[in-house]
Amino acid sequence: MAIPLVLDTDPGVDDFFCFAVVCAFRDVFDLKAVTAMGGNNTTSVTSKNAQRILNLFHRDVPVSYGADSYLTEPFGEPVVSAHGHNGLGEVEIPDPGIPLDPLRAWDKIHAEAEKNEGLQLLTVAPLTNVAMA
């Protein structure tokens, strides 16, 4: 039986590889949702990046918009030197043009935990969304 999973991410180049593994091993990971926040770039950029990456891997998984700052301070400038201006190393992945999940990230984490016994969180972003949940 696959592990029910929520991926909490700030998709830049490094998180792309996490998506690749989770999406490739569908028999191991039952990806229920992706929650995105800023860190490598702004939350609006990382949320759309999450949708783009999921679409690239042919996965229909909801993406929820998360925190626009850390708990106690604003995000710094996007990490352009490592992740490029678009957060994905300037690799262009088409936008699937679908809306984000209406639940904010912390509410989505809570909702999935209520629905899925044994839910696991895979956190590769700052832990603000998790703290809020």
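Author: Let's start at Phe-57, which is partly exposed, with a relative accessible area of 24%. On this scale, buried means under 20% relative accessible area, exposed means over 50%, and partly exposed is what falls in between (1.4 Å probe, protein chains only). Keep in mind that this is a predicted model: local features need pLDDT of at least 70 and side-chain atom pairs count only at pLDDT 80 or more, while totals for chains, interfaces and linings use all residues. Residues are numbered from 1 along each chain as its sequence is written, and side-chain values use heavy atoms, with hydrogens and water left out.

Now the rings. The structure holds three aromatic pairs. Phe-16 and Phe-57 make up a tilted one, at 5.6 Å centre to centre with 45° between the planes. It links distant parts of the chain, since Phe-16 sits in helix H1 and Phe-57 in the loop between H2 and strand S3 (63-65), 41 residues apart. Phe-16 counts as partly exposed at 21% relative accessibility. For Tyr-70 and Phe-75, the ring centres are 4.8 Å apart and the planes stand at 85°, so that pair is edge-to-face. The rule behind these labels is that rings of Phe, Tyr and Trp (its six-membered ring) pair if their centres lie within 6.5 Å; planes under 30 degrees apart count as stacked, over 60 as edge-to-face and the rest as tilted. Tyr-70 is partly exposed at 26%, while Phe-75 counts as buried at 18%.

Helices (H or I, at least four residues) and strands (E, at least two) are DSSP runs here, numbered from the N terminus. Four strands form an open sheet in the order S3-S2-S1-S4, and the pairing is parallel. S3 and S4 are the edge strands, each pairing on one side only. From one strand to the next, the twist averages 25°; axes are lines fitted to C-alpha atoms (for helices over the stretch in contact), and angles run from 0 to 180 degrees between N-to-C directions. Two strands count as paired if DSSP finds at least two bridges between them.

Have a look at S1 (residues 3-9), which is mostly covered: six of its seven residues are buried. S1 pairs in the parallel sense with S2 (residues 29-36) over seven bridges. Between these two strands the chain passes through helix H1 (residues 13-24), and the β-α-β crossover is right-handed; that label applies if, with the strands pointing away from the viewer, the path from the first strand over the helix to the second runs clockwise. Asp-8 faces Thr-35 in S2. S1 also runs parallel to S4 (residues 120-123), joined by four bridges. There, Val-6 has Leu-121 as its bridge partner, and Leu-5 has Gln-120.

What about the cysteines? A disulfide would be a pair of cysteine sulfur atoms within 2.5 Å, and the count comes to zero. Cys-18 is in none, with the nearest cysteine sulfur, that of Cys-23, 9.0 Å away. Cys-18 counts as buried at 16% relative accessibility, and Cys-23 is buried at 5%.

On to the charges. Side chains of opposite charge can pair when their charged atoms come close. A salt bridge here is a side-chain nitrogen of Lys or Arg within 4 Å of a carboxyl oxygen of Asp or Glu, and there are six of them. One of these joins Lys-48 and Asp-95, with the closest N and O atoms 3.5 Å apart. Lys-48 lies in helix H2 (residues 43-56) and Asp-95 in the loop between H3 (80-83) and H4 (105-115), so the pair ties together parts that are 47 residues apart in sequence. Both ends are partly exposed, Lys-48 at 23% and Asp-95 at 37%. Asp-95 takes Arg-52 as a partner too, at 3.8 Å between the closest N and O atoms. Arg-52 is in H2 and Asp-95 in the H3-H4 loop, so this bridge ties together parts 43 residues apart.

Elsewhere, Lys-108 meets Asp-101 in a salt bridge at 3.1 Å, N to O, and both residues are buried. Through shared partners, salt bridges join Asp-101, Lys-108, Glu-112 and Lys-115 into one network.
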